[in-house]
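My notes follow the order in which I checked things.

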Amino acid sequence: MSNWTKIANLEDIPRLGSRVVKRNGQADIAVFRTEDDQVFALHDKCPHKNGPLSQGIVHGHKVTCPLHGWNIQLADGNAIAPDEGHAPCVAVKLENGEVFLDV
Ligand code: FES
């Protein structure tokens with residue numbers, strides 16, 4: 001069952017940036033906004049060594065981890081080859097300029 005919760009207005013998230021949503025006792029979520037105003041949400045932990053993906057550089061529909069430069073696909077959280085790993089995704093939707101997470 002979905003439990004959509006509004007977490008921000010789109011304009012609160014910088015384009016090519018992110019916003020962190022903290023959850024009690026659970027992994028922080030990084031919500032990314034791309035150049036074309038799509039939103040994606042991943043656990044804020046790089047699959048390599050837990051770097052904060054929210055502080056990475058967004059380009060296209062990817063984020064580059066700030067620690068060692070792995071590239072992670074925002075749509076599915078998968079590392080781009082030759083790296084291997086996965087950051088869990090969280091369902092996110094954009095409606096009328098408002099961003100909702102399924103938490
Ligand atoms: S922790 Fe992200 S690339 Fe190493």
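I began at the hairpin of β8 and β9: 2 residues lie between the strands, and N96 takes a positive phi near 50 degrees. Strands here are DSSP runs of E, at least two residues long, and helices are runs of H or I, at least four residues long, numbered from the N terminus. The model is predicted, so I note that local features need pLDDT of at least 70 and side-chain atom pairs count only at pLDDT 80 or more, while totals for chains, interfaces and linings use all residues. Residues are numbered from 1 along each chain as its sequence is written, and side-chain values use heavy atoms, with hydrogens and water left out.

I looked up the pairing of β8 (residues 92-95) with β9 and found 4 bridges, running antiparallel. Two strands count as paired if DSSP finds at least two bridges between them. K93 stands opposite F100 in β9. I then checked the side chains of this pair: the charged end of K93 sits over the ring of F100, 5.7 Å from the ring centre. The criterion is NZ of Lys or CZ of Arg within 6 Å of the ring centre and within 35 degrees of the ring normal. β9 (residues 98-102) also pairs with β1 (residues 4-9), antiparallel, over 5 bridges. There, A8 has V99 as its bridge partner.

**Aromatic pairs.** I searched the whole structure for these and got 0. The rings considered are those of Phe, Tyr and Trp (its six-membered ring), with centres within 6.5 Å; planes under 30 degrees apart would be stacked, over 60 edge-to-face, and the rest tilted.

β2 (residues 17-23) and β3 (residues 26-33) are antiparallel, with 6 bridges. R23 is bridged to Q26 in β3. The two strands make a hairpin with 2 residues between them, and G25 in the turn has a positive phi of about 70 degrees. β3 goes on to pair with β4 (residues 39-43), antiparallel, over 5 bridges. V31 has A41 in β4 as its bridge partner. The hairpin of β3 and β4 has 5 residues between the strands, and D37 takes a positive phi near 60 degrees.

**The β5-β6-β7 sheet.** I traced 3 strands in an open sheet, in the order β5-β6-β7, with antiparallel pairing. β5 (57-59) and β7 (71-73) are at the edges with a single partner strand each, so one side of each has no neighbour in the sheet. From one strand to the next the twist averages 30 degrees; axes are lines fitted to C-alpha atoms (for helices over the stretch in contact), and angles run from 0 to 180 degrees between N-to-C directions. β5 pairs with β6 (residues 62-64) over 3 bridges, and I57 stands opposite T64 in β6.

**P47.** Where is P47 found? I located P47 in the loop between β4 and β5. P47 counts as partly exposed because its relative accessibility is 25%; buried is under 20%, exposed over 50%, and partly exposed in between, with a 1.4 Å probe and protein chains only. Leaving out residues up to four places away in sequence, P47 touches W70, I72, G85, H86 and A87, contact being heavy atoms within 4.5 Å. P47 and W70 are 23 residues apart in sequence, and their C-alpha atoms are 8.9 Å apart.

**Record.** UniProt, in an unreviewed entry, places "domain: Rieske" at residues 4-101. Its positions are given in the numbering used here, feature names are shortened, and annotations may be inferred rather than shown by experiment. I checked that span: residues 4-101 are 0% helix and 44% strand, with the end C-alpha atoms 5 Å apart.
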